[in-house]
Amino acid sequence: MRLNRRHMISGLAALAPATRAGHLWAAPNVDARLLLVFLRGAYDAANIVIPVRSDFYHASRPTIAIAKPDPAVANAALTLDADWGLHPALRETIFPLFRKGQLAFVPFAGTDDLTRSHFETQDTIELGQDINGTRNYRSGFMARLVKTIASARPIAFTDQLPLTFQGGAAVPNIAINNVGKPAIDARQASLIAAMYDKTPHAASVQQGFQIRDDVYHAITEHMVAANRGAVSPKGFELSARRIGQLMKDQFNLGFVDVGGWDTHVNQGAAAGYLADRIGELGRGLAGFAEEIGPRWNDTVVVVVSEFGRTFRENGNRGTDHGHGSVYWVLGGGIKGGRIAGDQVAVDQAHLFQNRDYPVLNDYRALLGGLFQRMYGLDQNGLRQVFPSVQPKDLALL
C-alpha cells in the first residue's frame, strides 16, 4: 500500500459554524445529541474498514481477508477511497451514510493502554484518565462531561450504570433491549419511595421510578404503532430504534454497549460470524438515524472499541487481541465521506510490535476535539473531561 498520510489539524480550531451538504452545524450547540456506542470485545477493524491497496493485508489473512473492490464480485469490499474499502455487509446501511458525507472513519485510533486485556482497556477508555496515574473509579469521563454541560440529560442504555457515568450526579440506566412491563407496580413503587423519604436518596429513587415509567410507555406505544401488535425482533437493530425514539425528545447524552466481538475462532470473511455481527450493527445505526428524525442533523454518534485485533489471522481462522482500531463518527452534520486522522502505510514495517495497528489517534484527543466543536467547551472545560490530553480537531464538524 502506498504511503498516504493525512495529518490531523493540530491545536484548537475556531468555533465558526460549519456547513456541509446544505446542513448547518451551529456550534456551540448545548442541546446537541451525543451517543457513544462501545463495541465490547474488540472488533476486527481491519476486516470492516479494509486497507484494500495493501498486498500485505491479503497475505496476512489467507482465509479471512475481504476481496478487493470489484463490481463483478458481490462479496468484494466497497470502495471508500483509493486506499480503503468497507465490508460488504454494510452495503445497504453504513455505506450510504458514508456516501452522503454523514460518516467518517478514523483508523489507527485507540488508547495508550498496552495490556491487551479487555477489562483493563475498557476501564481505561471509560475512565478517560492518564494510565500512568492512580485510577479513580468514581470519575468516568462521561460523568465529567455531564458536569460541563448545563443542559445535559444523560442516560445509559445498559443493565448496570457503566463506569464512564460513575462519579457525578445520578444518571438513569435501562437495558433497552429487555424493556418490558415494570415488575414493580405503582403501589409497590410508592412504598419503596416512602422508605427513602427524607433521606439523601429520596430524589434519586423518585427519579428512577419516573424514568422507568416514561421509558416503558414511550417504547411500548411506539412498538404497538410500528408493529401492529406483532412480536418484535430482538437485537441491536430494535434497541437502536428505541434509543433513537428516546433521544429524539428526552435525552441528549447516551451510552450503549454492544457485545460479541471477541473473534478468536472462525470469525469468517465476507460471510460468517463477524459479517453477521457487523450487519446487525449497521442496521441498528441506520435505524437510529432514521428514528431520531430531524434531530439527526445535530446528533453525533461515535463508535469505539477497547482495542483492535492482530493484523495477521491466527491458526484458528480468527484474530487475537491487538492494539490500534478504527473508530466511526456519524451524524447528519458530520463532514464525512472520508478517512480522517493520522495514517501510515499498512505494511509490516508500520505494525506496532510487528503484530497490530499502531495508535496514532488518541481517542481522548479525538473526543475532546468533537466536544469543543459541539458544546463550545473552553480549555478549563476540556481539562475537566480529559485532564492530561490536548484535544485535536479533525474538522469533522
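Start by selecting Leu330 and show whatever surrounds it. Keep in mind that this is a predicted model. Skipping neighbours within four places in sequence, Leu330 is in contact with Ile94, Leu97, Gln102, Leu103, Leu285, Trp296, Thr299, Val300, Val301 and Val303.

Now widen the view. Leu330 is among the residues with the most contacts inside the largest nonpolar core, a set of 59 residues. For a second, separate core of 39 residues, pick out Leu36, Phe141, Ala156 and Val329, which are included in it.

Next, select α8 by itself. Its 19 residues reach 27 Å from first C-alpha to last, close to the 27 Å expected at 1.5 Å a residue. Colour its buried residues: Leu274, Ala275, Ile278, Gly279, Leu281, Gly282, Gly284, Leu285, Gly287, Phe288, Ala289 and Glu291. Following the helix you'll find Gly293, with a positive phi near 65°.

Last stop: bring in α7, residues 236-249. The axes of α7 and α8 come within 7 Å and cross at roughly 25°. Angles under 35 degrees count as roughly parallel, so that is the label for α7 and α8. Their crossing is right-handed. To see where they meet, show side chains on both: the α7 residues include Phe236, Ala240, Ile243 and Met247, and the α8 residues include Leu281, Gly284, Leu285 and Phe288.

Key. Residues are numbered from 1 along each chain as its sequence is written. This is a predicted model: local features need pLDDT of at least 70, side-chain atom pairs count only at pLDDT 80 or more; totals for chains, interfaces and linings use all residues. Side-chain values use heavy atoms; hydrogens and water are left out. A nonpolar core is a set of buried Ala, Val, Leu, Ile, Met, Phe, Trp, Tyr and Cys residues joined through side-chain atoms within 4.5 Å. Buried means under 20% relative accessible area, exposed over 50%, partly exposed in between (1.4 Å probe, protein chains only). Contact means heavy atoms within 4.5 Å. Helices (H or I, at least four residues) and strands (E, at least two) are DSSP runs, numbered from the N terminus. The expected span of a helix is 1.5 Å times one less than its number of residues. Axes are lines fitted to C-alpha atoms, for helices over the stretch in contact, and angles run from 0 to 180 degrees between N-to-C directions. Angles under 35 degrees count as roughly parallel, over 145 as roughly antiparallel, 65 to 115 as roughly perpendicular and the rest as oblique. A crossing is left-handed if the near helix is turned anticlockwise from the far one by less than a right angle, and right-handed if clockwise.
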